[in-house]
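This report describes how a protein chain is held together. It considers nonpolar cores, helix packing and disulfides in turn.

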Amino acid sequence: MKFNPNARLDTSQVQDRRGSGGGGFSGGGLRGLPGGRGGLAVGGGGLGLLILVAVVLFYMFSGGSGGSGSSASPGILQGASGNSTVDNNQLAASCRTGADANTNDDCAVVGIVNSVQAYWGDAFAASGGTYRDADTVFYSGSTGTGCGQGSSGMGPFYCPSDQQVYIDLSFWNKLRTTFGANDALFTQAYVVAHEYGHHVQNLLGTSNRVGTATGATSGSVRLELQADCYAGVWAKHASTVPGADGQVLITEITDADLANAVETAGAIGDDYIQSKLGGRSVDPSQFSHGTSAQRQKWLLTGYRSGDPASCNTFDTNDLG
């Protein structure tokens, strides 16, 4: 995955809450789509589920309170108040162009956010609708959100109440050092695009179709698989999406990039998590995100079609 070195990055789509200077750096309905989800954070978009599920399993099997599935309950979100002051000065100074995104991981996430939102802005406009930008919040440790207190242990998540995506960027390191998971750049793009898929669902009202029930064919599973599919749709168009200055932001996505994302999708299915991470028998009644095979299928469905209409997971009996 490569960025256009001459394209301008827009750091106004990011809120940097990591501390003074930015901390450590490294509308209408959309045609063809089924139209957040209360005040609950939608977590587990992509790899965020790996950490979130550890919290959920602890609460489920130790007698504590908490939720499971794609929504982190307010109980999980509560905690000591964290950083909330926004200071984009260092981010804005360091992340000016695609050349910066090619050498700085934080700037790469800015570029991904810009590209994903530019795609959905065009897609909504083409369907006579209006897309509303959602900021991505960079934070360290914990931070206040419209859904309660967010923490780094949750991984990336989307809060429909304030329509923002939250990421503690140290999460990428945890993927590699703690979980031994694939943390390639395009894997990060898949995670971010999945969370913005939840934002699209929120704007369209799709999330309102989903309750708190879990299970192999539950609304929760369908919501998560659709977000995977939306991530794939963006990926299909990413190398043609222009940024704020009209220049294409991402110039190359390779077969290896796609393979990294598909591999990741296979490592975060409910069946894999229950058996490999939870050390338990697979229990489809507790599925909330879909199996490994399903997540791979819907990511590839979106990528191969490049059409949001192909992501209608709510009106099919064949989830994979």
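## The nonpolar cores

The largest nonpolar core has 65 residues, and those with the most contacts inside it are I112, W120, F186, Y196, W234 and I250. A nonpolar core is a set of buried Ala, Val, Leu, Ile, Met, Phe, Trp, Tyr and Cys residues joined through side-chain atoms within 4.5 Å. Buried means under 20% relative accessible area, exposed over 50%, and partly exposed in between (1.4 Å probe, protein chains only). Two or more residues of this core come from each of α5, β9 (164–167), α6 (171–177), α7 (185–204), α8, α9 (255–267) and α11. Here helices (H or I, at least four residues) and strands (E, at least two) are DSSP runs, numbered from the N terminus. The largest share of the core, 12 residues, is supplied by α5. In soluble globular proteins, nonpolar side chains tend to be buried together.

The model is predicted: local features need pLDDT of at least 70 and side-chain atom pairs count only at pLDDT 80 or more, while totals for chains, interfaces and linings use all residues. Residues are numbered from 1 along each chain as its sequence is written, and side-chain values use heavy atoms, with hydrogens and water left out.

Which residues does F186 touch, leaving aside its neighbours within four places in sequence? F186 is in contact (heavy atoms within 4.5 Å) with M1, W234, A235, I253, D257, L258 and A261.

## Packing of α8 with its partners

Two packed helices are described by the angle between their axes and the distance between the axes. Axes are lines fitted to C-alpha atoms, for helices over the stretch in contact, and angles run from 0 to 180 degrees between N-to-C directions. Helices α7 and α8 pack at an angle of about 115°, with axes 7 Å apart. Residues of α7 that take part include F186, Y190 and H194, and those of α8 include L223, Y230 and W234. This contact comprises 12 nonpolar, five polar and two charged residues. Ala, Val, Leu, Ile, Met, Phe, Trp, Tyr, Cys and Pro count as nonpolar, Asp, Glu, Lys and Arg as charged, and the others, Gly among them, as polar.

Helix α8 also meets α11: their axes come within 6 Å and cross at roughly 40°. Among the residues involved are L225, C229 and V233 in α8, with W298, L299 and Y303 in α11. The contact of α8 with α11 divides into nine nonpolar, four polar and four charged residues.

## The three disulfides

Three disulfides are found in the whole structure, a disulfide being a pair of cysteine sulfur atoms within 2.5 Å. In C95 and C107 the sulfur atoms are 2.0 Å apart. C95 lies in the loop between α3 (89–94) and α4 (98–101) and C107 in helix α5 (residues 105–126), so the pair ties together parts that are 12 residues apart in sequence.

C147 is joined to C159, S to S 2.1 Å, and the link is right-handed, with 100° about the S-S bond. Both of these cysteines, C147 and C159, are buried.

C229 is joined to C311, with an S to S distance of 2.1 Å. The torsion about their S-S bond is about -75°, so this disulfide is left-handed. C229 lies in helix α8 (residues 219–237) and C311 in the segment after α11 (292–305), so the pair ties together parts that are 82 residues apart in sequence.
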